[in-house]
Amino acid sequence: MLTNTLRSWQQAALRVISAGAKSDYLITATPGAGKTTFSLALASRLLEEGTIRRVVVVVPTDSLREQWADAAGRLGLHLMPVSAPEDYDKQGYQGCVVTYAQLATGAGRDLLRRTTRVPTLAVMDEIHHAGDARSWGDGLRHAVEQAALRVGLTGTPWRRDNQSPIPFVNYDADGQVIVDYAYEYGTAVADGVCRRIEFHAYDGEAKWTDCGVVEQARLGTELKDEDVSTVLDGVYHPDHAWIPVLLARANEALAEIRQEIPDAAGLVVAERQWHAQAYATLLKKIAGVDPVVVVSDDPDAKTAIDKFRNSGSRWIVAVKMVSEGVDIPRLAVGVYASKTRTPLFFRQVVGRFVRTRPNEEFNARLFIPAVPTLMEHARQIEQELRHQLDIETGVEGPEGDRSSYEQPQLPTRELVSATEAAFDRAILAGEEVSPQDVAAAQATAQQLGIPNQYALNLLPLMRQQASSPEVVDPLSTQVVTPQHRQEKILRGEVETLSRKYAYKAKLQFRDVNAELRRAGFPPRAKASIRELQKMLDTLARWHGAL
C-alpha cells in the first residue's frame, strides 16, 4: 500500500486531514519534499475507503499537467491530462488534471464543475497561482466549490492580495495565510529529504544615462526600486562585463562538483528570451559545450527539459520554465539572473537545487546578484536551516509578500556599461561569509585534502578554533580541538545521523533516542567522546542494515 512507504511528514499531514472535519486544507511543504506523492496517497486512500469517487488536480502549467498524470499512473491512479472537452469526464479514468488557465476561460469551469456532482477530492497545486489573475481565482471557485474535500498545496506561505483573493484559503488578522500542516526546508535538510544550498552573492556597478545625465549605482546598496531594476538591466546585459564573469565562476563551481558527481548540472534563470540565447552563446565559449535553452514560447520545451533531466548535459538556460514542479535532481549549480525579487519566486528557484539522490552528499550553490532583497531571502532560508539543526523545536516560515516584482526600465534611461561581477559574500547557515573567509576555508580544505566544493563546511570549525587560539598547533597541519568542542561536534553528528536513520526507518526522532538508550548509551548531553563515537558507529551500522 502506498501509504506504508510515505515519509514521516507525509504520514503526519495525512493524519491532520483524516482527523479534521472541514472541507478545505492548506499544506505547505518545501520544494522537493514530495507534495505530489502525498496528494496521490491521500487520493488513493479516499478512493479505497469510498469517501470519494473522483479526483481533480489543478496545476499552474501544461508541463505540470502531464507530470501529475504520469506520477499518478505510476501509482496505479489514472488521471486524464485535459486537452479537449471530453477529457474532463473520460471513461476509464478516476479523474483529470487541468490548469488554472483552462478554468479561467471557455467552458472549462462548467465542465469540471459537472464532474464534481459525485464526491470529489480537489487538489490545487501551487494554489497561490489562483491569485495571479482574478479570472483564475473566479474560475477555480466556480469549478470546484462543490467538491467534498479541497486540498491546497504550496511551497511558501504568502500574505493576502486584496486585488486577487485566493479561494478556499483562510488568513489571520495580519493577512498571513493559515496553514494546516507545514514541512519547512530546515526540517527537510535535517531529515535527509532535501539538499543544503550555499548562496554566493556578487556585487557590481552599472552606468546609465537618464535624459542625458550620466548616473551609476552598485547592486549591494540600498536603492529605489526603479534604480535596482536599471542596475539589474545593466549587469544582466550579455555585452557588459558582469554576467560573463558570473557565468564563468558558476561553470568553475560546476566543474568542481562534476569531479565527484559526473552528471551534475547547472541552471541559469534568465530574465528574457534574448538574454537566454545570449547566455547560451557565452556558456558555449566558457564550457565548450552547447547548453539547452528552454523558453515558454517553445512548443518543444517540455521535451527538451525531459531530455535534459535524463542526460549528462552540463547547462540549461530557462525563461519562465524551470521554476516550480520541475524535477531535475542532478541540478547542483544555479545562476539567478531574473529581476523578480519576490520571496515566492526566489524560493521556487531555490527548490530546483534541493532535491536529493541516493548516496550523494554535497552543497548546491546558487549565484545571485548582491541585491539586499535577494540576500535577505537567502538569509531567511538559511536561518530556517540553522535553527532546525541547532534546536529541536519547530521553525516558523518566513513572511511572504507580493512586493518587489520586476520593475521595467524607465524609457528615459539608456544603459552604458556594467563592471565585472565581484564576489561580495556567501550566505551559509544564515550567516554572511566574506571572500577572505571563503579563501581561508579553501586553503584549509586543500591542506587537508578535502575537495574544494566542501570547503565552506569547514567554516564553523575554523571559527571555533579562532575563538580559542591556544588550541591550534601552528607547526602541524592537524587541527587540535578542545574536548568540549569535540563533544559538541560529535553530538551534532549523532543527531544528524539519528535523524537520517529515523527518516529511512520511518521512525520518530525520539524513537531513535529510545533505541540508543536501550542499547546501553547515555543521553547525548551526558555522553563522553568515546561513547559518542560508539553511538555513531552503532547508528551507521543500523543505517547500513536498512
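Leaving aside its neighbours within four places in sequence, which residues is Trp274 in contact with?

Reply: Trp274 is in contact with His237 and Pro238, once its neighbours within four places in sequence are left aside; contact means heavy atoms within 4.5 Å. This is a predicted model, in which local features need pLDDT of at least 70 and side-chain atom pairs count only at pLDDT 80 or more, while totals for chains, interfaces and linings use all residues. Residues are numbered from 1 along each chain as its sequence is written, and side-chain values use heavy atoms, with hydrogens and water left out.

Trp274 belongs to helix α10, residues 273–287. Helices (H or I, at least four residues) and strands (E, at least two) are DSSP runs, numbered from the N terminus. His237 is 37 residues from Trp274 along the chain, and their C-alpha atoms are separated by 9.9 Å. With a relative accessible area of 45%, Trp274 is partly exposed. Under 20% counts as buried, over 50% as exposed and the range in between as partly exposed, using a 1.4 Å probe and protein chains only.

Gly351 sits in the loop between α12 (343–350) and β15, and is buried, with a relative accessible area of 1%.

For the protein chain as a whole, 53% of the 546 residues count as buried. The chain has 18 helices and 18 strands. Among its contacts with a separation of 6 or more, 72% are between residues 24 or more positions apart.

Aromatic side chains come next. A pair of aromatic rings is described by the distance of the centres and the angle of the planes. Rings of Phe, Tyr and Trp (its six-membered ring) pair if their centres lie within 6.5 Å; planes under 30 degrees apart are stacked, over 60 edge-to-face and the rest tilted. The structure holds ten aromatic pairs. In one of them, the rings of Tyr202 and Phe367 have centres 5.8 Å apart and planes at 35°, so the pair is tilted. Tyr202 in strand β8 (residues 197–203) and Phe367 in strand β15 (residues 364–369) are 165 residues apart, and the pair links distant parts of the chain. Both Tyr202 and Phe367 are buried. Elsewhere, Trp9, Phe38, Tyr181 and Tyr183 make up one aromatic cluster.

The charged end of Arg330 is over Phe308, 4.4 Å from the ring centre. Arg499 lies over the face of Phe509, at 4.2 Å from the ring centre.

Phe509 also falls in helix α17 (residues 509–518), whose axis comes within 12 Å of that of helix α18 (residues 529–545) and crosses that axis at roughly 115°. Axes are lines fitted to C-alpha atoms, for helices over the stretch in contact, and angles run from 0 to 180 degrees between N-to-C directions. Val512, Glu515 and Leu516 of α17 meet Met535, Leu539 and Trp542 of α18.

Key: A charge sits over a ring if NZ of Lys or CZ of Arg is within 6 Å of the ring centre and within 35 degrees of the ring normal.
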